[in-house]
Each structure stands twice: as C-alpha cells, then as structure tokens.
Amino acid sequence: MFDECGDGRARRTFQTRPDAHRGVRDKGFSLDIVISNASNKPIYEQIVAQLKDAILSGELEEGAMLPSIRALAADLRISVITTKRAYAELEAQGFVETVQGKGSFVAGGNKELLREERLRHVESLLDQAVREARGVGVEKAELHGMLDMLFDDV
C-alpha cells in the first residue's frame, strides 16, 4: 500500500510472503518505508537506514523475505535502480542475502557484528555532541543531565 504524506514524503507498507526458500513460514509483517523528498539523504540511503533499523530492532526477523526490487520501486514510485542500489548496499553490509530467482531475505547469524556497527555510529554521534557541548561551555555534569533527560524521554 502506498500513501502520499502531506509533507513531501511517501510511505510504503508491505507484508512478507511465506519464505519457501528457507522453509520458514512467518505470519508476515507490516513495515513502513518513508521517503522524504525534503531529506538531504539520497533515497537509497533512506531505504537502507530504515531497513537496517527494522532488522536491528527485531522488527524484521532473520529469514524474512523482503519485497522484490521491482515491487518496492513501483510502490514507492521510485527507480528500480534506486531500490537495487539499496538492496546491494544492505547485502554488502551483511544485512540481506539475495538468492537468484528466489528473492532477498534478512540475513542471519551476524547480529553481534551489526550491533557493533550501530554502537560505533552512536559513539560517533556522542563524540560530536561532546565537542558541541564543550564549544558552548557545557560542563560534564550538565551534559550527563541532558543525556539522562533525553534518554528517559525517548
């Protein structure tokens, strides 16, 4: 299902199909892919980021079948080349396995490596926050308080 959002974004919700390749029959899932035309990120990176988040959070389980490249492109009203690039990037990073003639599936077995990648990203963001805080004279205790407050609010 495709929805136009009023703020220049496109949203795609899809359901998995039974995974005949692995002999796993899942109940299906619903996942929104939101494409923002106002974002400074390329569309393929937006797709990659959202699918990685869904995989790491467990929303997409190991072995889940992803929509075909053509189906996702049609539903999001974007180029097949863009979706192919997103899936290729996910495969290169170990999040997705593609089986010729069968489709693309959430890869398994390397959750810890994927988690490490996310932790490195969090550290990078925290490093940036610390530098910004120091630049405006925020003390360590005050920064801790800000982080605690933000962490509790999310």
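Predicted model: local features only at pLDDT ≥ 70, side-chain atom pairs only at ≥ 80, totals over all residues.
Coloured from the N terminus on, the elements run β-β-β-α-α-α-β-β-α-α. Buried residues make up 30% of the 154 residues, and, of the contacts between residues at least 6 apart in sequence, 51% join residues at least 24 apart.

Next, select helix 2, residues 69–76, and show the side chains of Leu72, Ala73 and Leu76, which are buried. These residues lie on the same side of helix 2, because they cover an arc of only 100° around the axis. In general, an α-helix has 3.6 residues a turn, so residues three or four places apart point the same way. Turn the view to the face directed away from the buried side, where the exposed residues Arg70 and Ala74 are carried. Then step past the end of helix 2 to arginine 77, which follows the helix and has a positive phi, near 60°.

Finally, select Val122, Leu126 and Leu147, which together form a nonpolar patch on the surface with about 240 Å² of accessible area. Of these, valine 122 can be found in helix 4, residues 111–135. Is valine 122 buried, partly exposed or exposed? Its relative accessibility is 41%, and valine 122 therefore counts as partly exposed.

Note on methods. Residues numbered from 1 in each chain as written. Heavy atoms only, no water. Buried < 20%, exposed > 50% of the residue type's maximum accessible area, 1.4 Å probe, protein only. Helix = DSSP H or I, 4+ residues; strand = E, 2+ residues; numbered from the N terminus. Arc of directions from axis to C-beta. Patch = residues over 30% accessible without salt bridge, like charges linked within 9 Å, V, L, I, M, F, W, Y side chains within 5 Å. Areas by Shrake-Rupley, 256 points an atom, 1.4 Å probe, with all protein chains shown as cover. Salt bridge = Lys/Arg side-chain N within 4 Å of Asp/Glu carboxyl O. Contact = heavy atoms within 4.5 Å.
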